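Here's a walk through one model, written for someone who likes to know the cut-offs behind the words. Have the viewer open while you read.

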Amino acid sequence: MTRRIAALAASIAILLPLNAAALEAPKTFRGDYKLTFLGLRIAKSTFISNFSGDTFVLNGSLKSAGLARMFDKTVAHTQVTGRIAENGVEPLGYQLNYVMGGKAQKTAIRFSEGKVVETENVPPLKKRGANWVPLGADDLSAVFDPLTATMVRASSAREVCNRTIRAYDGEMRVNLKLSYAGMRPFRTKGFKGDVVRCKAKFEPVSGYRKGRRALEFMKHRSRMEIGFAPVGASNIYAPIFATVGTQVGTLRLYATRFTASN
């Protein structure tokens, strides 16, 4: 579950431009975020993306905080390398290293031409039972890692929500189908203005145990929402807050800093 939270925090905290010809990429983008559960702060994260020509490197960190740190000290570091191609972003490599309860774990994904060609989990994933939904032949085509899955270029705020996010975290393939939910004001360091709200419908595709209660709740009953904010005067939108309903309460993530510089 910790890897899922780390991946969630990462995926809703990162911005990448989708077309260098259409928009000059910022040389640096930084987002600082807080993650709360039932109103209590449980984690904080920082993500910094650096651009050079048509290549990029994204580095992020997440640490447990507040009451959560008393029970489960978790530290995660993640990095994505890739390039900005004519048709959009192409991740080349994704790596997530984290320590939970004193045990180190790693997930690494390698991409080629928009497809996952290699996945490494250390320690290896445990053997799965008969109720496991395995990855299908086409599940790892046209997908993104959790960091680049939610990057949006749109001609209008409403268009941001007109899409399905396809993500893979090294084990599980999921879709998040977005739909328009309205606008709302938002203010934080580096940003003040209206953000577009997208409802999100969670759909597990493969790489999960069938009948798992937490996933069944997420699929059928969870209320999920992601807020996207424009970066400067561009047509690039980045997630600036999110809420995720779970069986035991609501996870909330919001930006405490949202800045880009050229």
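Predicted model: local features only at pLDDT ≥ 70, side-chain atom pairs only at ≥ 80, totals over all residues.

Which residue stands opposite Gly245 in S16? Thr250 does.

Residues are numbered from 1 along each chain as its sequence is written, and side-chain values use heavy atoms, with hydrogens and water left out.

**The chain overall**

The protein chain has 3 helices and 16 strands; these are DSSP runs numbered from the N terminus, helices being H or I with at least four residues and strands being E with at least two. Of its 262 residues, 48% are buried. Here buried means under 20% relative accessible area, exposed means over 50%, and partly exposed is in between (1.4 Å probe, protein chains only). The accessible surface comes to about 13,300 Å², and 50% of that belongs to carbon and sulfur atoms; the areas come from the Shrake-Rupley method with a 1.4 Å probe, and for residues only the protein chains shown count as cover. Looking at contacts (heavy atoms within 4.5 Å), 56% of those between residues at least 6 apart in sequence join residues at least 24 apart.

All 7 of its 7 residues are buried, so S14 is largely enclosed by the rest of the structure. Met224, Ile226, Phe228 and Pro230 point one way, Glu225, Gly227 and Ala229 point the other, and all are buried.

Pairing here takes at least two DSSP bridges between two strands. The pairs run like this:

| Strands | Bridges | Direction |
|---|---|---|
| S12 and S14 | 5 bridges | antiparallel |
| S14 and S15 | 7 bridges | antiparallel |
| S9 and S15 | 2 bridges | antiparallel |
| S15 and S16 | 6 bridges | antiparallel |
| S6 and S7 | 7 bridges | antiparallel |

Val152 has Tyr237 of S15 as its bridge partner. S15 then continues to S16 (residues 249–261) through a hairpin with 2 residues.

Elsewhere, S6 (residues 103–112) and S7 (residues 115–122) also form a hairpin, again with 2 residues between the strands. In its turn, Glu113 has a positive phi of about 55 degrees. Within that pair, the bridge partner of Ala108 is Glu120 in S7.

Take Phe228: leaving aside neighbours within four places in sequence, its contacts include Val160, Leu178, Cys198 and Tyr237.

Helix H3 (residues 213–220) has Leu215, Phe217 and Met218 as its buried residues. Seen down the axis of H3, they fall within an arc of 160 degrees, so they line one face of the helix; the arc is that of the directions from the helix axis to the C-beta atoms. On the face turned away from the buried side sit the exposed residues Arg213 and His220.

**The disulfide**

How many disulfides are there? The count comes to 1 disulfide, going by a pair of cysteine sulfur atoms within 2.5 Å. Cys161 and Cys198 form the link, with their sulfur atoms 1.9 Å apart. The link is left-handed, at -80 degrees about the S-S bond. It joins distant parts of the chain, 37 residues apart: Cys161 sits in the loop between S9 (152–153) and S10 (164–168), and Cys198 in S12. Cys161 counts as buried at 3% relative accessibility, and Cys198 is buried at 0%.
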